[in-house]
Amino acid sequence: MELGLPGSVYVYQGEELGLPEVANIPWNHLEDPIAFHTDHAGAQKGRDGCRVPLPWRADDEPRPADWDPLFGTGASFGFSDAPADGSAPADPHLPQPLWYKQYAADKQMADDTSMFNLYRQAMQFRQEHLTPSDDTDDITWLPGTDFNAHNAEVVAYTRPCTGEGDGTFACIVNFGPDPIDLPAGTVVLSSEPLDEPHKLSADTAVWMLLPESAVIARAVAK
């Protein structure tokens with residue numbers, strides 16, 4: 001939904017890997033001053049859970065740490081390589097959980113269905129077909145009648161698109177629990193595989209090209 005909008009795109013580190021926040025870093029391994037400069041009753045761990053070094057290589061896997069077997073030591077998923085003298089590499093400034101392995105960048109690069117490749121495809125389409133329109137203002141919300149009873153659970157908009165022939169770009173997101181019918185058009189990107197053609201599952205977004213005639217008809221009806 002965000003990448004389809006006009007304007008600049010900001011991707012926070014790890015977002016393109018689908019990397020969750022590491023919420024359970026032990027207190028004695030935190031660095032954020034917020035964790036130490038608040039009274040005990042209102043103590044907060046701060047932002048370190050979003051700052052853990054990214055996992056680059058799955059094969060550079062740490063061993064379980066003595067202080068917590070859920071975290072690693074002795075390697076860093078490619079964040080810091082071993083010194084040339086053969087000594088052990090230093091642990092990163094914030095500890096990486098062992099489950100980071102399944103989110104490693106090299107593993108996702110080799111998987112066409114990964115979050116990383118979804119971001120890559122979205123950014124490429126955006127660069128080739130949305131940004132060249134030079135339109136940073138025009139968004140048209142698709143009318144709720146398109147989704148009938150599911151209107152309150154759907155966010156859907158169109159915006160100008162270039163280089164794709166007779167079609168208008170549309171982003172449709174289903175925040176509801178049930179599948180919804182998609183309008184007539186061509187799906188160019190989906191955040192999850194579609195179980196059925198022209199059916200959008202829960203918690204899924206699609207980018208589509210809608211026939212220009214259909215977009216004009218909607219505008220006239222509105």
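Analyst: Two strands count as paired if DSSP finds at least two bridges between them. The structure above is a predicted model.

User: How many helices and strands does the protein chain have?
Analyst: From the N terminus, the elements run β-β-α-α-β-β-β-β-β-β-β-α. The totals for the protein chain are three helices and nine strands.

User: In what order do the five strands of the open sheet stand?
Analyst: The pairing in this sheet is antiparallel. Strand 3 (140-141) and strand 7 (186-190) sit at the edges, each pairing on one side only. Across the sheet, the order is 3-4-5-9-7.

User: Which residue of strand 4 is the bridge partner of Trp141?
Analyst: Strand 3 and strand 4 (residues 154-159) run antiparallel and are joined by two bridges. The partner of Trp141 in strand 4 is Tyr157.

User: Is strand 4 largely enclosed or largely open?
Analyst: Burial here means under 20% relative accessible area. Five of the six residues of strand 4 are buried. The rest of the structure therefore leaves strand 4 largely enclosed.

User: At about what angle does helix 2 run to strand 7?
Analyst: Helix 2 (residues 115-130) lies across strand 4, strand 5 (168-174), strand 7 and strand 9 (204-210). Its direction relative to strand 7 comes to about 130 degrees.

User: What span does helix 2 reach from its first C-alpha to its last?
Analyst: Helix 2 has 16 residues. At 1.5 Å a residue, 22 Å is expected. The model comes close to that, with a span of 21 Å.

User: Which elements are among those covering the buried residues of helix 2?
Analyst: The buried residues of helix 2 are Phe116, Asn117, Leu118, Tyr119, Ala122, Phe125, Arg126, His129 and Leu130. An α-helix has 3.6 residues a turn, so residues three or four places apart point the same way. The cover over the buried residues of helix 2 includes helix 1 (105-109), strand 4, strand 5, strand 7 and strand 9.

User: How many salt bridges does a search of the whole structure find?
Analyst: Side chains of opposite charge can pair when their charged atoms come close. Here the cut-off is 4 Å, from a side-chain nitrogen of Lys or Arg to a carboxyl oxygen of Asp or Glu. Searching the whole structure gives a count of seven.

User: How many residues apart are Asp32 and Arg51?
Analyst: The side chains of Asp32 and Arg51 form a salt bridge, 3.4 Å from N to O. Both lie in the segment before strand 1 (63-65), yet the pair links distant parts of the chain. Their separation is 19 residues.

User: Is Arg51 buried, partly exposed or exposed?
Analyst: Arg51 also forms a salt bridge with Asp48, with the closest N and O atoms 3.7 Å apart. Asp48 is buried at 2% relative accessible area, and Asp32 is buried at 1%. Arg51 has 32% relative accessibility, so Arg51 counts as partly exposed.

User: What is the relative accessible area of Phe77?
Analyst: Phe77 lies in the loop between strand 2 (68-73) and helix 1. Phe77 is not a glycine, yet has a positive phi of about 50 degrees. Phe77 is buried, with a relative accessible area of 0%.

User: Between which strands is the loop that holds His198?
Analyst: His198 has a positive phi of about 60 degrees and is not a glycine. His198 is partly exposed, at 35% relative accessible area. The loop holding His198 runs between strand 7 and strand 8 (199-200).

User: What share of the accessible surface of the protein chain belongs to carbon and sulfur atoms?
Analyst: Buried residues make up 38% of the 222 residues in the protein chain. The accessible surface comes to about 12600 Å². The share belonging to carbon and sulfur atoms is 53%.

How values were computed
Residues are numbered from 1 along each chain as its sequence is written. This is a predicted model: local features need pLDDT of at least 70, side-chain atom pairs count only at pLDDT 80 or more; totals for chains, interfaces and linings use all residues. Side-chain values use heavy atoms; hydrogens and water are left out. Helices (H or I, at least four residues) and strands (E, at least two) are DSSP runs, numbered from the N terminus. Contact means heavy atoms within 4.5 Å. Axes are lines fitted to C-alpha atoms, for helices over the stretch in contact, and angles run from 0 to 180 degrees between N-to-C directions. The expected span of a helix is 1.5 Å times one less than its number of residues. Buried means under 20% relative accessible area, exposed over 50%, partly exposed in between (1.4 Å probe, protein chains only). Accessible areas come from the Shrake-Rupley method with a 1.4 Å probe; for residues, only the protein chains shown count as cover.
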